[in-house]
Amino acid sequence: MTAAFEPAWEPPPMVTPEPTPLLELRGISKTFPGVKALDDVSFAVWPGEVHMLLGENGAGKSSLMKVLCGAYRPDGGAFFHRGQQVEITGPADARRLGIAVIFQEFSLVPYLDIAQNIFLGREFPGRIPGTVDTRRLHAEARRVLDQIGMDIDTRTLVHTLGVAQQQMVEIAKALSQNARILVMDEPTAALSDRETERLFAMVRKLQADGVALVYISHRMAEVFELGDRITVLRDGRKVGSVLPAETNADDLVRLMVGRVVDTTYGRDFCTAPGDVVLDVRGLTAETGITDVNLTVRAGEIVGLCGLVGSGRTEVARAIFGADKVVSGEVRVFGKLRSGGPEQAARSGIALIPESRKTQGLALIRSVGDNLLVSALGRLFPSGVFQPGLARREADDLVQRLRIATPNSRRTVKVLSGGNQQKVVIGKWLAAQAQLFIFDEPTRGIDVGAKAEIFALIDGLVKAGAAVLMISSEQSEIVHVCDRAYVMRAGRVAGELARADLTEENIVRLGMHQ
Amino acid sequence: MSDMAVSARSFRLATVPGVAVVLVALLLVFAIAAPGFTSLPNLSNVLMQSTILLMLALPMTLIIMTEGLDLSIGAVLTLASVVLALVVVSTGSMLLGLGAGLAVGVAFGVVNGGLVAHLGIPPFVATLGTLGAAQGLALIVSDGQSVVGIPREVRMIYSGTFGGIPIPVIIAIVVYLAFHGLLYHTRFGTYIPALGGNREALKLAGIRDTRVLVAVYALGGFMAGLAALLLTARMSSGHPTAALGMEFDAIAAVAVGGTSFERGNGWLFGTLLGVLAVGVLRNGLNLLALPSSVQVACIGVLVILALFIDALRSKP
């Protein structure tokens, strides 16, 4: 399975850094309740340099970006601009220092044209007060677009542009503000190969003009193709800052992953799986997943991992019938599955979604109501609700799942995250599901409750159910799953048997090469 | 690359023909079915009657572009008309009356905007509340009676002509051009699609978005005050239910005109056509002696029809 990992790259042009960096961050820390998002991170960029920023999901890249653009105020640390200490207390400060951030979510207005978007809030005043000098607006926009080689009419409405062109407009907007430090968050994530080449050409042009670029990427090839310097973050800390010539892809992966092994979720792995419960063949959906093949057997916990946006949730939704399937088939207990979520639920599939508050629970209703909502048809075939039976059934589930609530009439909203998750699981137990699909089952749940959730999931498979589990936390997959599939760009990039199931292998398969 | 993305101008013509189709169809149907529809006095009448609606529908377009709504605009128009009539009758001054009407309109507009922008109350609910308040006040200050005795100079605003063109039509043309300039050639106008399309981008650009939003609603109130002059002149009185339900026609005209209720996508010229379509429909049904209740139902069908045509065209 270890694919050849020789990125095609030429030695990058060695830059001779000026003595003082354009921007330097020293000891930046940022804490949110319960999470240390950034822990003593130091970081510097020089003019004309492309500084690659790497890290797993949740390593602190986005927090660092938000600090750079002034959206977050760090708890500690200092900024230096050309050697002078400066404060960044808000977006205005960042802008004044020439820092521009291009997020994956664009800051463009769909029904304004390109020129209006580039100069939004900085319109050129016309002769009459309040009016805009439209001629100058378009002339200036033209000038900026020419600078980046974008030959498109400045009167084009932005919503008619493709992602790549919108990205160009974002870059133009940044340059029009005289940005000298440009931060880009996975700019090639949504681009085709040709568009990517154009973007690279522009990055090199900006570089030649002395712009400093901070470039967040998940693709090894571009890290080595564009990067002059590579910084790796892990769990909010900087774990390495290296030159491309001194490292290779394997080392970087090790740096990104290399966390201490955490064995709190150990379980007896499944040695003799039962019948095939879920069989997915060539599944292609409108949401961007392509030719997905996977199987889950009774008694197995199968992981589904990959980077955020690689199509994990989309696979779950397509299996459940929540998104339109273009081609391919899903068999449950050998029977071809068709129809929407309702049919899926009736055929014994349970989808426990990522955001349980919005998708899995009616927060203001009671624990009992939530537990029984999918089982009403089975419990009351005549259609008449019997409060006594419902109460007994709900209390029974509360006990079995050890949900910490005084009684089943309490509203779900007041429960902790872990207990809410148990209610969602209980709901499907009551509905007698046989195949459980978990999407990030431990998101927003504290460590103690995590172990309990995993014990619960283990209990499900020990009782003969089959489980497909999506998780961004590779350590969870490694410690809990019997097997795992790794997604990349909407496809299954590979399957890892128990023996090969390591974090490094997951990252390797999941990264773009 | 430029052949892939269509320019702004041709894009609009390509995607908003639903309203044009509907308007032409209505004109043809009534020209055949309704006797006297094509007579010059009648067509002139359609234009005259459409002017008041246009003055509500133009600001309504801007409000809807912010992903907002103003249900109170008809009631505020009514109240402004009653107040204007009372002031004109007691002082004899048209200017004072107009000033009072505008003041009432702007006051309600600012309240609407404040509720929506600063308190975060959904526009539907906020303006439903002010609808009730304005309608109630109109009945209170008029004591439920028509305010009569409107002097001739005020009535002439509706019935008079200037260079052979009815004064309301001239006012409507001026107002339309002003709105066109405002939406497409000022900073304020630039921020309106941004309020609906990407409010975060506006904030990041350092613009006080709440202030712009309040101004948009205030403009709606101002236009209701201005329309009150035409309405009072036309009715020769200030009547406490004169513009009851006119917000329905205004919102319908905007919707028929192809303004979408999402992402700041609006089209001012479409609203003009939408107003004409609603005006032609009401006039034609009148000529066919169909009651007002049937007209409301037909306007409803008109909205759905225009949007249906747009939906058909946008989906390949």
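Biologist: At what angle do helix 4 and helix 6 of chain B pack, and how far apart are their axes?
Modeller: In this predicted model, helix 4 (residues 73–91) of chain B packs against helix 6 (residues 123–142) of chain B at an angle of about 25°, and their axes are 8 Å apart. Because angles under 35 degrees count as roughly parallel, helix 4 of chain B is roughly parallel to helix 6 of chain B.

Biologist: Is the crossing left-handed or right-handed?
Modeller: The crossing of helix 4 of chain B and helix 6 of chain B is left-handed.

Biologist: Which residues meet there?
Modeller: Helix 4 of chain B contributes A75(B), V76(B), T78(B), L79(B), V82(B), V83(B) and L86(B). They meet L131(B), A134(B), Q135(B), L137(B), A138(B), V141(B) and S142(B) in helix 6 of chain B. By class, this contact has eleven nonpolar, three polar and no charged residues.

Biologist: Changing topic, how many residues of chain B are in contact with chain A?
Modeller: There are 25 residues of chain B in contact with 25 residues of chain A. On the chain B side, the elements that give two or more residues are helix 1 (8–15), helix 9 (187–197) and helix 10 (199–204). The largest share, six residues, comes from helix 9 of chain B.

Biologist: And what is the make-up of that side by class?
Modeller: The side of chain B that touches chain A has twelve nonpolar, ten polar and three charged residues.

Biologist: One last point: is A92(A) buried or exposed?
Modeller: A92(A), which lies in helix 2 (residues 91–96) of chain A, is exposed, because it has 12 other C-beta atoms within 10 Å, and a residue with 12 or fewer counts as exposed.

Notes: Residues are numbered from 1 along each chain as its sequence is written. Chains are lettered from A and ligands numbered from 1 in the order in which they are written. This is a predicted model: local features need pLDDT of at least 70, side-chain atom pairs count only at pLDDT 80 or more; totals for chains, interfaces and linings use all residues. Two residues are in contact if their C-beta atoms, placed from the backbone, lie within 7 Å. Helices (H or I, at least four residues) and strands (E, at least two) are DSSP runs, numbered from the N terminus. Ala, Val, Leu, Ile, Met, Phe, Trp, Tyr, Cys and Pro count as nonpolar, Asp, Glu, Lys and Arg as charged, and the others, Gly among them, as polar. A residue is buried if 20 or more other C-beta atoms lie within 10 Å of its own, exposed if 12 or fewer, and partly exposed in between; C-beta atoms are placed from the backbone. Axes are lines fitted to C-alpha atoms, for helices over the stretch in contact, and angles run from 0 to 180 degrees between N-to-C directions. Angles under 35 degrees count as roughly parallel, over 145 as roughly antiparallel, 65 to 115 as roughly perpendicular and the rest as oblique. A crossing is left-handed if the near helix is turned anticlockwise from the far one by less than a right angle, and right-handed if clockwise.
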